Amino acid sequence: MTEEFLQIVFEGKGGLPKVRDCLSDYLREVLTTASPEEVLLLEIALNEALNNAMKVVTAHEDSSAPPSRRISVTMYVKQGKALIIRVKDPGEGFPFHDYISQADEVFRTGELPESGLWAESGRGILLMRAGVDKLTYNKKGNVVTLQKRLHH
Amino acid sequence: MILGIRNEQGLVVVELEGKIYVDDASDLREKLLEQIKLGHKEFLVLMERVIYIDSSGLGVLVAIQKRALEQGGRGVMIRGLNGAVREIFELTRLNRVFEIL
């Protein structure tokens, strides 16, 4: 069985538009057994994860230390069964629990509360959740892991 | 990408195309907020040629909708949703926030 593995670390400011297409292409190449809809939802999920990482980098814009503007993306297939995508931002994390709870709630009930509907931000996690089987954060809140089961 | 923003007797027509990512979203936000400041409260957003919009782009449209409605205007109308973009609007339930033509 061939191993699928990709890891990219890039300078967030200005770097994202340059690597975005490459990451999308790789994703599509790896998802040979997924339906077009599944591929689309996963591309959306990946883009939203990158967006959130970008927000952190933009906040660090004036920092002179390069590592504080770097984003890392890792993609690999686990035992041929699941695609794992991990996006790490250089931030200190954020309170992700509530957002994940809300996203799970939307999935469970099919309803989005008015406050969430009219929010000017926060849709990223909902869009991420829609494309994956499992969405988790590390304890700190600066590494998001997207997991998608692969069919055979 | 923003193809153009024009004014047709009070109606602000916004023509977008391609993929709208976070970089384009802030530009769009700036331009549309300017229209709000000028007192415009009716927007028609043409999405026929848009193939992707992310949460930042959606956030901008919601921000403009809120302000337009607050001013007592008709708000934001979205035309031409198709493919992935239509799906994104449905996933985020935004078909309930805007007037979808």
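In this predicted model, the contact between the two chains draws on 24 residues of chain A and 26 residues of chain B. The size of an interface is often expressed as the accessible area that is lost when the parts come together. Between chain A and chain B, the buried area is about 2,200 Å², and carbon and sulfur atoms contribute 58% of that figure. On the side of chain A, the residues that lose the most area to chain B are Trp118(A), Glu120(A) and Arg123(A), which together account for 31% of what that side buries.

Each chain may now be considered in turn, beginning with chain A. Chain A contains five helices and five strands. Read from the N terminus, its elements follow the order β-α-α-β-β-α-α-α-β-β. The radius of gyration of chain A is 16 Å, close to the 15 Å that the globule rule gives for 152 residues, so chain A is as compact as a globular protein of that length. Its C-alpha trace spans about 45 × 40 × 25 Å along the principal axes. Of the 152 residues in chain A, 50% count as buried. The accessible surface of this chain is about 8,000 Å², with 52% belonging to carbon and sulfur atoms. Among the contacts in chain A between residues at least 6 apart in sequence, 61% join residues that are at least 24 apart.

Chain B can be described in the same terms. Chain B has three helices and five strands, arranged from the N terminus as β-β-α-β-α-β-α-β. The radius of gyration of chain B is 12 Å, close to the 13 Å that the globule rule gives for 101 residues, so this chain too is as compact as a globular protein of its length. The C-alpha trace of chain B extends about 30 × 25 × 20 Å along its principal axes. Buried residues make up 52% of the 101 residues in chain B. About 4,600 Å² of chain B is accessible surface, and carbon and sulfur atoms supply 47% of this area. Of the contacts in chain B with a separation of 6 or more, 68% are between residues 24 or more positions apart. There are 14 positive and 15 negative side chains in chain B, and the centres of the two sets lie 5 Å apart.

Helix H5 of chain A covers residues 123-131, and nine of its nine residues are buried, so the helix is largely enclosed by the rest of the structure. Among these buried residues are Arg123(A), Leu126(A), Leu127(A) and Met128(A). Arg123(A) is also one of the residues of chain A that lose the most area to chain B.

The contacts of Val62(B) lead back to this region. Val62(B) is part of helix H2 of chain B, residues 55-70. With a relative accessibility of 0%, Val62(B) counts as buried. Leaving aside residues up to four places away in sequence, Val62(B) touches Trp118(A), Ala119(A), Glu120(A) and Arg123(A), as well as Leu94(B) and Phe98(B). Between Val62(B) and Gly75(B), which are 13 residues apart in sequence, the C-alpha to C-alpha distance is 10.0 Å.

Asn47(A) is buried, with a relative accessible area of 4%. With residues up to four places away in sequence not counted, Asn47(A) touches Arg20(A), Tyr21(B), Tyr52(B) and Asp54(B).

Lys37(B) belongs to helix H1 of chain B, residues 22-37, and counts as exposed at 75% relative accessibility. Lys37(B) and Arg67(B) are 30 residues apart in sequence, with their C-alpha atoms 9.7 Å apart in space.

Finally, the backbone of two loops deserves attention. Most residues other than glycine have a negative phi. Gln79(A), although not a glycine, has a positive phi of about 50°. Gln79(A) sits in the loop between strand E2 (70-78) and strand E3 (82-88) of chain A, and is exposed, with a relative accessible area of 59%. In chain B, Gln9(B) likewise has a positive phi of about 50° without being a glycine. Gln9(B) occupies the loop between strand E1 (2-8) and strand E2 (11-20) of chain B, where its relative accessible area of 84% makes it exposed.

Definitions and conventions. Residues numbered from 1 in each chain as written. Chains lettered and ligands numbered in written order. Predicted model: local features only at pLDDT ≥ 70, side-chain atom pairs only at ≥ 80, totals over all residues. Heavy atoms only, no water. Helix = DSSP H or I, 4+ residues; strand = E, 2+ residues; numbered from the N terminus. Rg over C-alpha atoms; globule rule 2.2 N^0.38 Å. Buried < 20%, exposed > 50% of the residue type's maximum accessible area, 1.4 Å probe, protein only. Contact = heavy atoms within 4.5 Å. Areas by Shrake-Rupley, 256 points an atom, 1.4 Å probe, with all protein chains shown as cover. Lys, Arg positive; Asp, Glu negative; His and termini not counted. Charge placed at Lys NZ, Arg CZ, Asp CG, Glu CD. Buried area = accessible area lost by both parts, 1.4 Å probe.
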